[in-house]
Amino acid sequence: MNRSMIRFLLSKLLIIEAGLLLIPLIVAFIYHEPNQNLLSICTTIGILLAVGFLGISFKPKNHHIYAKEGVLIVALCWILWSFFGALPFVFSGQIPHLIDAFFEISSGFTTTGASILPDVSVLSHSLLFWRSFTHLIGGMGVLVFALAIMENNKNSHLEVMRAEVPGPVFGKVVSKLKDTAQILYLLYLALFAIFVVIYYLAGMPLFDSFIIAMGTAGTGGFSVYNDGIAHYHSSLITYLVSFGVLIFGVNFNLYYFLLLRKFKALFGDEELRTYLIIVASATIFICLNVFHIYQNLSQTLEISFFQVSNIITTTGFGLGDISAWPLFSQFILLILMCIGGSAGSTAGGLKVVRCLILVRIAKNQVLSTLSPKWVLTLHVNHSVIDKDTQHKILKYLVLYTMSIIFLIFIVSLDNNSLMTVVSAVLSCFNNIGPMLGTTDSFAIFGPISKLLLSLAMIAGRLEIYPMILLFMPQTWSKR
C-alpha cells in the first residue's frame, strides 16, 4: 500500500478545503458579522493549512495509486472534510456539539439535506452559505472537483475518481481524466449559474437565489427558512425548483452529448426515458390519492410533482407537511427514495439504471424457467450488459439491503416510530433529507444514531464499498 501517497493527497485536499472556506469568510465580511463568526472560520482555515502543509512537506517517492489507495483516499477525504468543515459551527457556538455539527456538514457534503436544526435562523449568513456551499462542492464530488484543479499529468488518479463517481459503470467523456473532470464541473457550474439567475428573476432575494441554486445543483435541499420553498408563496418558484432538481438528476454525460449535438445519444438513452416515466407515473398516482386533501387540481399537481421530483432526485426541499398523506402515497415516496436519480448525476439512491437492469435480470430469470435452452442476453442502450456486470449489480443490491437492515436495527434503539426510523435510514443512506411520519428534525435521535447516520450518508454517497473497506483490517495490510 502506498501510504505516503494517501497522506500526501489527503493533505492537498485539506488545503483545498481551507481555500473554499475563504468564500463564507467573504460573506461574513459582507454582512458585517460579529468577530466570533469571523474567528471561527479563520481558526478552521488555520488548522486546515497547518495540517495540510505538514502533510505535503514530505513528498512521496512513488506516485502510483491503485484501487486500494483510491478507495481509502475517497473514504478518508469525505470524513475529514466533514469533520473539519463542521468546526466553524462548533467554534461559533451556533451548533455547539461536535456530533451535531458533523451530522449537519456531512449532510451538506453528501447533498442529503437532513438537518438537526429545528430552527435554521440560529445560523449566520456566512455559515448558512457554507452549509449550502457544501452541496455545490459535494454534488459533483469532492474528488472530482479536486481532480479538476490538481495537476495530474500521468492520469494516475483514475482509481480515485472511479471510487467516487456514482453509478454501476464509470466512464470518461474524453480520453484524459483531468479533462473529463473539468468538463463535468464546467457543465455543472454553468447550470448552477443559470439557476441562480432564474431564481432571482422569479422573485427570490439574491442571497436566497444562491442558497436554493446550490441545493438544486447538488440535489441537496438545504433552505434559508424553516418552511423551505413554501416560504416564497410562489407556484412559479415551486415549479422551477421541481424542474431544476430533475435536470440535475440526469446523467451529466448526456448534457455533454447535447453540446456536441449528439441528440440521438440523449433522446435514445433508456435510463433517461425510464427516469421520466417513473416521475410522471408517481406524480399521477399521488395526485389521484391526495386529491381530496387539497383545494383544487392545480395545487394537488403542484405539490405532488414537487415532492416526487425532490424525492427521486434525493433533494428533499421542503414544501408543507406530507406526514398526513395517505399511506399509499408515502409508500410511493419510500420506493422513490430507493430508486434515486440517474447514474452520473448529483442524485443518490440505487440509480435508475441499476433498477432497470435488476428488473430485466428478473424478467430473464422468469423466462429461462419456461425454456431453459434459451440464450437470453440483457441490453441497455443497445449495449450488452455482461454477466460480470449483472453479478456486480446483484451483489451491490445484497450489500445495500443488508446495510439498510443493519442501520434500521441500530437506529431503532432510540424508540421512535417504525415509519420514522425506516424513512430516516432510507433518507440518510440514499442522501435524500426529509423523514416521513414526523415533522421533527433529526435532533430527535441520540448521539450514537446521529454519528451512525452521518457515516451512512457518506457511505450512501460513495456507494457503500469505500466506507466498508475503510473499516476492514485487510484493507490496511501491506500486501
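**Exercise 1.** State where His32 lies and whether His32 is buried or exposed.

*Solution.* His32 sits in the loop between α2 (22-30) and α3; helices here are DSSP runs of H or I with at least four residues, numbered from the N terminus. The model is predicted, so local features need pLDDT of at least 70 and side-chain atom pairs pLDDT 80 or more, while totals for chains, interfaces and linings use all residues. Residues are numbered from 1 along each chain as its sequence is written, and side-chain values use heavy atoms, without hydrogens and water. The relative accessibility of His32 is 70%, so His32 counts as exposed (buried is under 20% relative accessible area, exposed over 50%, partly exposed in between, with a 1.4 Å probe and protein chains only). The C-alpha atoms of His32 and His125 are 9.8 Å apart, although 93 residues separate them along the chain.

**Exercise 2.** Locate the residues that UniProt lists under "binding site", then examine Gly220 and Thr315.

*Solution.* The unreviewed UniProt entry gives Thr111, Thr112, Gly220, Thr314, Thr315 and Asn431; such annotations may be inferred rather than shown by experiment. These positions spread over 321 residues of sequence, yet they cluster in space, with a largest C-alpha distance of 8.2 Å.

Next, take Gly220, in the loop between α10 (206-217) and α11 (235-248). Its relative accessibility is 0%, so Gly220 is buried. Beyond four places in sequence, its contacts (heavy atoms within 4.5 Å) include Thr111, Thr112, Thr314 and Thr315.

Last, Thr315 lies in the loop between α15 (297-312) and α16 (327-339). Thr315 is also buried, at 0%. Among the residues Thr315 touches, beyond four places in sequence, are Thr112, Gly220 and Ile432.

Key. Helix = DSSP H or I, 4+ residues; strand = E, 2+ residues; numbered from the N terminus.
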